[in-house]
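Visitor: Hi! Could you walk me through this protein, one piece at a time?
Guide: Happy to. Have a look at it first, and then we can start with a strand.

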Amino acid sequence: MGSAATASPPPPPSGNLTQDELKRVAAHRAVEFVEPGMTLGLGTGSTAGHALDRLGDLLRAGALPGVAGVPTSLKTEAHAARVGIPLLPLEDAASASGAGGIRLSIDGADEVDPDLNLVKGRGGSLLREKMVEGAGDRFVVIVDESKLVPRLGCTGAVPVEVIPFGAPHTLGLIRKVFDGVLGFHARLRTVPAPKGDGLDAPFLTDNGNYIVEMFFEDGIRGDLRDISDRLLRITGVVEHGMFLGMATTVIVANKDGTVTVIN
Ligand code: 5RP
């Protein structure tokens, strides 16, 4: 039958896998955890996008009746709608009765440390991701091997979402948290102005906020929870992209196409 064929995953890639193929391998493994009737947290990014495509295939094939999702960004909302995943706002999912609430969230990450702490939000969706994934029972993170790091902040920016009002002032307060930390720097994330007049504009999140990017020479050293608390105590900071103790499972697609599941 056509529908069964639609639900079959594409053949596993062979030979040298590209990073995108590895992301797809991890995403498809995560979707195996989805059961009929589940409400899902739907992540954002290219890896999560593969999970959305696979879910859409399975839904269209009738293999996952009753599945619905809460999107973590406007981009994911549009993608999920395009592939036919029914959507719910967070408040409805979180207060659902019966099977109740978000059972499982599936999302990518920018970095995963040995304790399964994450950096997320280099795509700019950290606030909604943290709200949705924090509201669910289980949070499955899908990554390719390149995302595994010895310390958070090793491979790029750690984002912080801030209110636009007084953002340069808030940036100054964030810098103070890391006073004396060698090689630390922070800046407002910008994008080229749409009109191409040569001026950069602040990057805007789905919530109309700005992003401060924090950079560390060799990753963040010190007590992550304490650093998190100090950042969140700054008036003007909305949320940061360190996801501490939130991941319940990490699915890693290794270079050779094998998969490691870490709980
Ligand atoms: C978006 C995210 C993404 O999950 C993260 O940036 C990883 O993206 P990708 O799967 O494209 O590598 O946190 O805010």
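**A tour of the strands and sheets**

Guide: Let's begin with strand β2 (residues 68-71): Ala68 and Val70 point one way, Gly69 and Pro71 point the other way, and all are buried. A residue is buried if 20 or more other C-beta atoms lie within 10 Å of its own, exposed if 12 or fewer, and partly exposed in between, with C-beta atoms placed from the backbone. Helices (H or I, at least four residues) and strands (E, at least two) are DSSP runs, numbered from the N terminus.

Visitor: Why do side chains go two ways in a strand?
Guide: In a regular strand, side chains alternate between the two faces of the sheet.

Visitor: Before we go on, what kind of model is this, and how are residues numbered?
Guide: It is a predicted model, where local features need pLDDT of at least 70 and side-chain atom pairs count only at pLDDT 80 or more, while totals for chains, interfaces and linings use all residues. Residues are numbered from 1 along each chain as its sequence is written.

Visitor: Back to β2. How many bridges join β1 to it?
Guide: Four, between β2 and strand β1 (residues 39-42), and the two run parallel. Two strands pair if DSSP finds at least two bridges between them. Within this pair, Gly41 stands opposite Val70 of β2.

Visitor: And how does the chain get from β1 to β2?
Guide: Through helix α3 (residues 46-60), in a β-α-β crossover that is right-handed. Right-handed applies if, with the strands pointing away from the viewer, the path from the first strand over the helix to the second runs clockwise.

Visitor: Which strands form the sheet with β2 in it?
Guide: Six strands form this open sheet, in the order β2-β1-β3-β6-β14-β15, with mixed pairing. Its edge strands are β2 and β15 (259-262), each pairing on one side only. From one strand to the next, the twist averages 20 degrees. For angles, axes are lines fitted to C-alpha atoms, for helices over the stretch in contact, and angles run from 0 to 180 degrees between N-to-C directions.

Visitor: Which helices pack on it?
Guide: Helix α4 (residues 74-83) is one of them, touching β1 and β2, and its direction makes about 155 degrees with that of β2. Helix α6 (residues 126-135) packs on the sheet as well, touching β1, β2, β3 (104-107) and β6 (138-144), at about 145 degrees to the direction of β3. Two residues are in contact if their C-beta atoms, placed from the backbone, lie within 7 Å.

Visitor: New topic: what about β11, is it enclosed or open?
Guide: Strand β11 (residues 210-215) is largely enclosed by the rest of the structure, because five of its six residues are buried. It pairs in the antiparallel sense with strand β7 (residues 158-162) over five bridges. In that pairing, Val158 has Met214 as its bridge partner, and Val160 has Val212. Strand β8 (residues 185-188) also pairs with β11 in the antiparallel sense, over four bridges, with Leu188 opposite Val212.

Visitor: What order do the strands take there?
Guide: The four strands run β8-β11-β7-β12 in an open, antiparallel sheet. β8 and β12 (237-240) are at the edges with a single partner strand each, so one side of each has no neighbour in the sheet. Here the twist averages 25 degrees from one strand to the next. Helix α7 (residues 167-177) packs on this sheet, touching β7, β8, β11 and β12, and its direction makes about 165 degrees with that of β8.

Visitor: What surrounds the ligand?
Guide: There are 18 residues around it, and the closest are Gly45, Ser46, Thr47, Gly108 and Gly123. A residue is near a molecule if its C-beta atom, placed from the backbone, lies within 6 Å of it. The elements giving two or more residues to this shell are α3 and α6. Helix α3 gives the largest share, three residues.

Visitor: Last one: how many helices and strands are there in the protein?
Guide: Eight helices and 15 strands. Of the 263 residues, 42% count as buried.
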